[in-house]
Amino acid sequence: MITIPYITALTTYFSYGLLFAFGQFRDFFRRIFEWWSQSNLQGYAPICLGLEDFYIRRLYLRIQDCFNRPISSPPDAWFDVVERISNDSNKTLKRTTRMKRCLNLGSYNYLGFAAADEYCTPRVIESLKKYTCSTCSARVDGGTTNLHAEMEECVANFIGKPAAVVFGMGYVTNSAILPVLMGKGSLIISDSLNHNSIVNGARGSGATIRVFQHNTPSHLEKVLREQIANGQPRTHRPWKKIMVVVEGIYSMEGEICNLPEIVSICKKYKAYVYLDEAHSIGAVGKSGRGVCELLGVDTADVDIMMGTFTKSFGSCGGYIAGSKELIQYLKQNCPAHLHATSISPPCAQQIISAIKVVLGEDGSSRGAQKLAKIRENSNFFRSELQKRGFEVLGDNDSPVMPIMLYNPAKIPAFSRECLKRNVAVVTVAFPATPLLLARARICISAAHTKEDLVKALEIINEVGDLVGIKYFPAEPKKEQLE
């Protein structure tokens, strides 16, 4: 749990209150001026109405230059950010022809496969020539090539499961699979900080949903015991099935799941385990096989293993790995498999090639070197940030490092000042995080050199002093990086 300092919470509430008050004040005069202009849709309710619309107009648009920044190069350790200008107080942004070369601390390029690779890129180009860029068909029609079959076999072997099925989008993997597996009379017990794709998938399933405190096995056991004892609402019949859904690495916290304890509890109460490894597969573990390998959990004890290829493998899409019976059932019932266009053949080839590099099947040790590098870079950067007084969330070995900002004024200040100094960072605020817990999310890559990280630390340290986000005392300078 994040314990926000009292003064910080007070000033953050005051800042949001001030923004809300001024926003309402401006909306009042806006309604007066618009009273004379007649709408073309008389009799219709406003299509955009409510606090969400207010938040976008009066808070988000003021700082939208900090988000959705276009780039014009591969998302490698350094990339080109397209500069934008606004002539209407940030309501609209126009791209210019100017580029800014920036150190990339925002992309999920954990193993560095997003840029050209000596093994992957030539094979991807050949697959593009052979299959073109799209199958223009769903998997069950004409959208399955030899590459798709090879990819699913390769993924299953890498994960350590009997079979796997691949989808063209990571978000859809969660949101489309959960409604197929769970339904009325079923119970989903979800971590309180699970990704939005899991939340939407659970809601769409029609199953009963209960939430347990983030990464707290003891509370999970309490919820399980209560729900099993009470049964279904109103009828109190036994649940048809129970599924516990967790993530390997939580994308907004950088924390690693307490998987051994959670698996033990699920075994005790005969609940299925659904593990989302979007940010952990390929990034942690001795051979990149995720949190199961890192924490010593047998993959046979995890019933459904989900992951994506957009982070560590430089491609797109997601997968579900499990028993042969489960995968066959999903292939016959999941709308994302039956109706969506299959994953692009060049993307499939990128996945196959990247996995081969990680496993050393390309004839080199580059995969092992990348895994060692991402672990070394992540732990070095995290420890150095903490030494400088920043409040950094997450665990060691995690390449995701949130730096807490809290105050809404510090969100654009931190982002803009870093960009001025040629460092591109991602800032995250409500509704992606709770209102008080705005943060900058740093993502480290194996492509970063030691010099890159030292430069980033110097700039973030300078901006941290300027913006005022060092919530802890820094260690003596002699203990910091020379």
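Reader: Let's start with H337: is that residue buried or exposed?

Author: Keep in mind that this is a predicted model. The relative accessibility of H337 is 5%, and buried means under 20%. So H337 counts as buried.

Reader: Where does H337 sit, and which residues is it in contact with, leaving aside its neighbours within four places in sequence?

Author: H337 belongs to helix α11, which covers residues 335–338. Once those neighbours are set aside, its contacts are A138, R139, V140, V165, F167, L330 and K331.

Reader: Which residues gather in a patch of positive charge on the surface?

Author: Take K240, found in the loop between α7 (217–230) and β6 (242–247). K240 is exposed, at a relative accessible area of 64%, and R234 is exposed too, at 78% relative accessibility. The patch of positive charge is made up of K184, R234, R237 and K240.

Reader: What is phi of R234 near, and where is its place?

Author: Most residues other than glycine have a negative phi. R234 isn't a glycine, yet its phi is positive. Its place is in the loop between α7 and β6, and its phi is near 70 degrees.

Reader: How about N422: buried, partly exposed or exposed?

Author: N422 lies in the loop between α14 (410–420) and β11 (423–424), and has a positive phi of about 65 degrees. Its relative accessibility is 26%, while buried means under 20% and exposed over 50%. So N422 counts as partly exposed.

Reader: Is the peptide bond from F430 to P431 cis or trans?

Author: P431 is in the loop between β12 (426–428) and β13 (438–443). Most peptide bonds are trans. From F430 to P431, though, omega is near 10 degrees, and the bond is cis.

Methods:
Residues are numbered from 1 along each chain as its sequence is written. This is a predicted model: local features need pLDDT of at least 70, side-chain atom pairs count only at pLDDT 80 or more; totals for chains, interfaces and linings use all residues. Side-chain values use heavy atoms; hydrogens and water are left out. Patches are made of residues with over 30% relative accessible area and no salt bridge: like charges are joined within 9 Å, nonpolar side chains (Val, Leu, Ile, Met, Phe, Trp, Tyr) within 5 Å. Accessible areas come from the Shrake-Rupley method with a 1.4 Å probe; for residues, only the protein chains shown count as cover. A salt bridge is a side-chain nitrogen of Lys or Arg within 4 Å of a carboxyl oxygen of Asp or Glu. Lys and Arg count as positive and Asp and Glu as negative; His and the chain ends are not counted. The place of a charge is taken as NZ of Lys, CZ of Arg, CG of Asp or CD of Glu. Helices (H or I, at least four residues) and strands (E, at least two) are DSSP runs, numbered from the N terminus. Buried means under 20% relative accessible area, exposed over 50%, partly exposed in between (1.4 Å probe, protein chains only). Contact means heavy atoms within 4.5 Å.
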